[in-house]
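Open your viewer and get ready to click along. We will go from stop to stop, selecting a few residues each time and looking at what is there.

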Amino acid sequence: MTRPFFALLLAIFISAATIAAPGDAQAIVTLSPPPPGAITQSPAGALAEDAAVYAARYGVALQEAMARLRAQEASVGETDAIARLYSDRLAGISIEHVPVFRIVVLLTGDLPVADRSISAGGMDVPIVFRTGAPATRARILSAIEEHQAEIRQKLIDPPGMGVDQRTGKLLLAVGADDADLTGLTGIEAEGEAITGVPVHAVELGRETNLVVVGGQILENVDHLAHRRYRCTSGFVVTDGTRTAITTAAHCPDDLDHIAADGARTPLTMVGAWGARYQDVQIHVGPDAMPPLFQAGSGVAGMRALATWRNRSSLRAGDFVCHQGVTSGYSCAEIAVPDYAPPGDLCAGPCPATWVAVEGPTCAHGDSGGPVFLGQTAFGLVKGGSYRADGRCLFYYFMSTDYLPAGWSLLTR
């Protein structure tokens, strides 16, 4: 199967930053029952739905797809240990799905490391070590932090930046004007002169926050302007005494929840956090909320949140899914676990703390929606990059690591 163009160019190694995990829900929270008529998927049913997308994408049987997704999650501890062991040489860790399911570790230097195999999720998973990378992930991330402002000044449109996990290079995702004027080769040469690390430049589309213009879950109606704004609800969170729902901070402050039957419930905003590494706001309703989120279509798509993945354990090639009120349900590979969106979408320049996922399924109105696999939370959708014809190249999300202080994911 031919991989999407963006996937051939973009990937990055897992984050080495140690981030505090969300706290467990406190016992004093009283949960409401699921909505009437809601069918909550079993853990196996939730995984099977995501595995069906995987099976179609990679041309494998459903049982093989389920085994691979179990192995993907079960191998996190092993790759975390590899990242610690080779921290001074590590350029990237990625998951490959074609021609076989395996883990690839990219290291600097020429000292070889023997390949190995682990048992994860009930299957044997090869781990292949490749050497000769031109720079470590840590060095490239430092170059992004130190030279982001200078690189932005050299280009017409501030680029997206990240770490190309499969090559050990700094990725510059530039707009069409810069690509036409300077050429990708010229941009790479200038970027290398500025940063002192190897650079790989690609031309991407227009990037924006996924603004609220379509969908069916969270809604704001401006009667004076005769306009309707919509976003997507994310995960249920708690501060220990209240339960609340998340969405993106760039969504309207005043929102109503629209149920599947059309029932409208006004929500009250607790706060919004929309700068630097965060794009999240929190709303409470009149009643306590169960730890459920929508995946798929209809009431049969309800899932109970069981756990989460920290950003420090994300790898290029990890298979994840997302739900958007405009684009619906879809799954794809993580392309860049450490991505800095272009422009000033983070109330100023963005740090490389966002996670980019391959398209082509994302759309305006998906803002705030959940990113997940099975019953595991990964993050909340922020924005995306689009071709001139409007086709989604990729979307990016905020890790649930960055929920505001005092709030944590509510799990079953």
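Start by selecting helix α3, residues 62-74, and then look at what covers its buried residues: the list includes α2 (43-58), α4 (76-85), β3 (116-120), β4, β20 (319-324) and β23 (370-373). Covering here is about contact, which means heavy atoms within 4.5 Å. Helices (H or I, at least four residues) and strands (E, at least two) are DSSP runs, numbered from the N terminus. Within α3, the buried residues are Ala65, Met66, Ala67, Arg68, Leu69, Ala71 and Gln72. Buried means under 20% relative accessible area, exposed means over 50%, and partly exposed is in between (1.4 Å probe, protein chains only). The 13 residues of α3 reach 18 Å from the first C-alpha to the last, close to the 18 Å expected at 1.5 Å a residue; the expected span is 1.5 Å times one less than the number of residues.

Two notes before the next click. This is a predicted model, in which local features need pLDDT of at least 70 and side-chain atom pairs count only at pLDDT 80 or more, while totals for chains, interfaces and linings use all residues. Residues are numbered from 1 along each chain as its sequence is written, and side-chain values use heavy atoms, with hydrogens and water left out.

Now zoom out to the whole chain. You can find seven helices and 26 strands, and buried residues make up 58% of the 412 residues. Take the contacts between residues at least 6 apart in sequence: 68% of them join residues at least 24 apart.

**Salt bridges**

How many salt bridges does a search of the whole structure find? There are 15, each one a side-chain nitrogen of Lys or Arg within 4 Å of a carboxyl oxygen of Asp or Glu.

Select Glu96 and Arg130, whose side chains meet in a salt bridge at 3.7 Å, N to O. Glu96 is in strand β1 (residues 90-96) and Arg130 in strand β4 (residues 123-133), so this pair links distant parts of the chain, 34 residues apart. Glu96 is buried, at 14% relative accessible area, whereas Arg130 is partly exposed at 36%.

Next, pick Arg152 and Asp344, which form a salt bridge at 2.7 Å, N to O. Arg152 belongs to helix α5 (residues 137-154) and Asp344 to the loop between β21 (328-340) and β22 (354-358), so the pair ties together parts 192 residues apart in sequence. Arg152 is buried, with a relative accessible area of 16%, while Asp344 is partly exposed at 48%.

Then select Arg315 and Asp318, a salt bridge with its closest N and O atoms 2.9 Å apart. Both of these residues are buried.

**Aromatic rings**

Switch to rings: the structure holds 10 aromatic pairs. Rings of Phe, Tyr and Trp (its six-membered ring) pair if their centres lie within 6.5 Å; planes under 30 degrees apart count as stacked, over 60 as edge-to-face and the rest as tilted.

Select Phe235 and Phe293: the ring centres are 5.3 Å apart and the planes stand at 75°, so the pair is edge-to-face. Phe235 sits in the loop between β10 (227-231) and β11 (236-238), and Phe293 in strand β17 (residues 292-294), so parts 58 residues apart in sequence are tied together. Phe235 and Phe293 are both buried.

Compare Tyr339 and Tyr396, with centres 5.7 Å apart and planes at 50°, so this pair is tilted. Tyr339 is buried at 0% relative accessible area, and Tyr396 is also buried, at 0%.

For a cluster, select Tyr54, Tyr58 and Phe319, which ring pairs link together.

**Last stops**

Glu333 is buried, at 2% relative accessibility.

Finish at Met289, in the loop between β16 (280-284) and β17. Met289 and Thr243 are 46 residues apart in sequence, and their C-alpha atoms are 5.8 Å apart in space.
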